[in-house]
Amino acid sequence: MEQNQEILEPVKYYSSSLKEKIKEEAANYFDDLVKKAGTNVEANRETVRKLNEATKLRDSFKKRLSRLKVGRTLLIILSVILLLVGVIAGIIFISNGNSGLGAAFIAIGVGGGVAIFVLTLVLMNKKIKQLKFDLQDAQAKVNQLTQEAYAQMASLNALYDWNMAATIITRTVPLLELDKYFNRAKLQYLVDKCDFKPEEDDMLSAVYVESGSILGNPFIIQRMKRCELKNKVYRGSRVVSYTVRRTDSKGNSYTTTVTETLTATSVHPAPYYRYESALIYGNQAAPKLSFSREPNSKSDDSQKSINKYVAKQEKKFQKMTEKDLKVDDGSVFNAMANTEFEALWGALDRDQETEYRLLFTPLAQKNILTFLKSTEGYGDDVYFNKEKRTNIVRSIHAQTTDLIMSPLIFISFSHDYARQHFIDEVAKYFKSLYFDFAPLLSIPLYQQMKTPEYIYGEDTPSNYTLYEDEMLANQFDKSDFMHPDTHKESEAILKATFITRDGNSDKVQIRANSFRGIPRVDNIPVAAGNGHLYDVPVHWTEFEPISQDNIMEIKKVDTTRFDFNSKMQDNNIAKAVSRLAINNSYLYMKGFLALRAMDSFSSNDDALLNNYFNKKQED
């Protein structure tokens, strides 16, 4: 694939071309889906128009009904107040010997109160009853039109599939290739040839993973769920009473009781969960170089403020040079001539000065500065680690980006809303992804290094990777794998272990690591105002690790989401899958079928699924 020269200035390329092109490609993709689905767009627009009118009418009935109910309540309160005031005033006047005036007040109060009460019940209840009927009719109309609109969109909603965004992105930027399936060869290349070391931790699980390449150089996009034990502060209180002797203003001594609330805290470890998204990219350029950098808040400042910051950093660079700080290649740290780049990029822990300069040419420095200061993206929110031939990008914005892009998020009853929503979501996903790649694309040398084709060995024990196993397991209902004694503050970290191949299926063990909560109490002595110590109970939870193992089968199926759902309408296929899946617990995602299966699942069952779902026998 020929290199697109525009990509050598990635931020400019996004601003001038890609920002609009991704929307055009998304619109074209959506319109093609509409044609394939045979959706009657005009009919749907008319139905949605009627639905909007019906919804407004229903909402107006709701508001009127609410106002009438409030008015009725106020009038009832008014009638009760009038009655009580009249009776009480009458009794007071009668008790003072003015029986005539008292009787008049009672008559007015009782008569007025009862009259208002009766009129309220008769007139307002009649209106409220009628409005309830009107509201029911309006709601029924809304329900009918909603069902009609969904029926009109059903064929389109059924066509939404996984990897739609990936397809659109590759059409927009051909050199940025996203794989349909996670590519084992790319993972193995990163491990064997790029020094990548996948983190092994029982408290870490893959929630999502995707692979791809830029000019043949492999990358992985991953989102991991991590559990960490951190200190949690528990609080307790106790009310104590004690007597004290005091002296009044006349010098007299007396005893009084004092009530005091004592508080105490106790600190104990508790599980905390977070998600981490990262882009992992392998490239043979500068193979010995390692460094790290983190976001620099000065990147978003005015140029005047940046210049002031750079001048201050220059003094720091001078001191580092004067100390003859040697790096791994034997050279001495020497700040770049472009001190603005040096200050804002801030990779001062580099260990190969020569390779660092080879990587960050004047064009690369210019691109990086443009990236850091650009308002097109997210500003400087990038943590960048180069560990020899592995580059890891962790941006702040990526932590909240919807990487999964489930087809279900696009389902709608309105064509026009669905179209705009589809375009917006794809554009938002692309922007997030592109600005994670931007610092990599800013380095021309990375685009000049093309990885030779890497063939995954045939003797690999499994059909798929543990990343995929954990990703699929994490899409099940959390209760499917979790230990029943798991505490409400604990979640499951799902870890996959390969067991065996069952033909083209993999049998894996999914271990759900979580915590059981054991109630504990610390009695903390606290001094009260009388100088005595009182034990204040602080209730806390001891979190004890527990786990539960389940068997899951994972199989690649040669079908789309639409075809899979269509085939599951076949009673024979549905029964077969139900027989193989415990409690009918299965799911389809990104071309994979995953089942909570029994240990007895075999290659014969795999062959049966092949016949049902695959167009041809898998190799």
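Lys19 is partly exposed, because its relative accessible area is 31% (buried means under 20%, exposed over 50%, and partly exposed lies in between, with a 1.4 Å probe and protein chains only). This is a predicted model: local features need pLDDT of at least 70, side-chain atom pairs count only at pLDDT 80 or more, and totals for chains, interfaces and linings use all residues. Residues are numbered from 1 along each chain as its sequence is written, and side-chain values use heavy atoms, with hydrogens and water left out.

**Salt bridges across the chain**

- The count comes to 34 salt bridges (a side-chain nitrogen of Lys or Arg within 4 Å of a carboxyl oxygen of Asp or Glu).
- Glu376 pairs with Lys19 in one of them, and their closest N and O atoms are 3.2 Å apart.
- Lys19 is in helix α1 (residues 10-37) and Glu376 is in the loop between α9 (362-373) and β6 (382-387), so the pair ties together parts that are 357 residues apart in sequence.
- Helices (H or I, at least four residues) and strands (E, at least two) are DSSP runs, numbered from the N terminus.
- Glu376 is partly exposed, at 21% relative accessible area.
- Lys232 forms a salt bridge with Glu489, with 3.0 Å between the closest N and O atoms.
- This pair also links distant parts of the chain: Lys232 sits in strand β3 (residues 217-247), and Glu489 sits 257 residues away in the loop between α12 (466-473) and β8 (493-502).
- Glu489 counts as partly exposed, at 33% relative accessibility.
- Shared partners join Glu199, Asp201, Arg226, Glu228, Lys230, Arg274 and Glu276 into one salt-bridge network.

- Arg45 forms a salt bridge with Glu42, and the closest N and O atoms are 2.7 Å apart.
- Both residues lie in helix α2, three residues apart, or about one turn of the helix.
- Glu42 is exposed at 52%, while Arg45 is partly exposed at 34%.
- Val85 is also found in helix α2 (residues 41-95).
- Val70, Leu74, Ile77, Ile81 and Val85 make a nonpolar surface patch of about 450 Å².
- Patch residues have over 30% relative accessible area and no salt bridge; like charges are joined within 9 Å, and nonpolar side chains (Val, Leu, Ile, Met, Phe, Trp, Tyr) within 5 Å.
- Accessible areas come from the Shrake-Rupley method with a 1.4 Å probe; for residues, only the protein chains shown count as cover.

- Asp436 lies in helix α10 (residues 415-441).
- Asp436 is buried yet has no salt bridge, and the nearest side chain of opposite charge, Arg223, is 8.4 Å away.
- Lys and Arg count as positive, Asp and Glu as negative; His and the chain ends are not counted.
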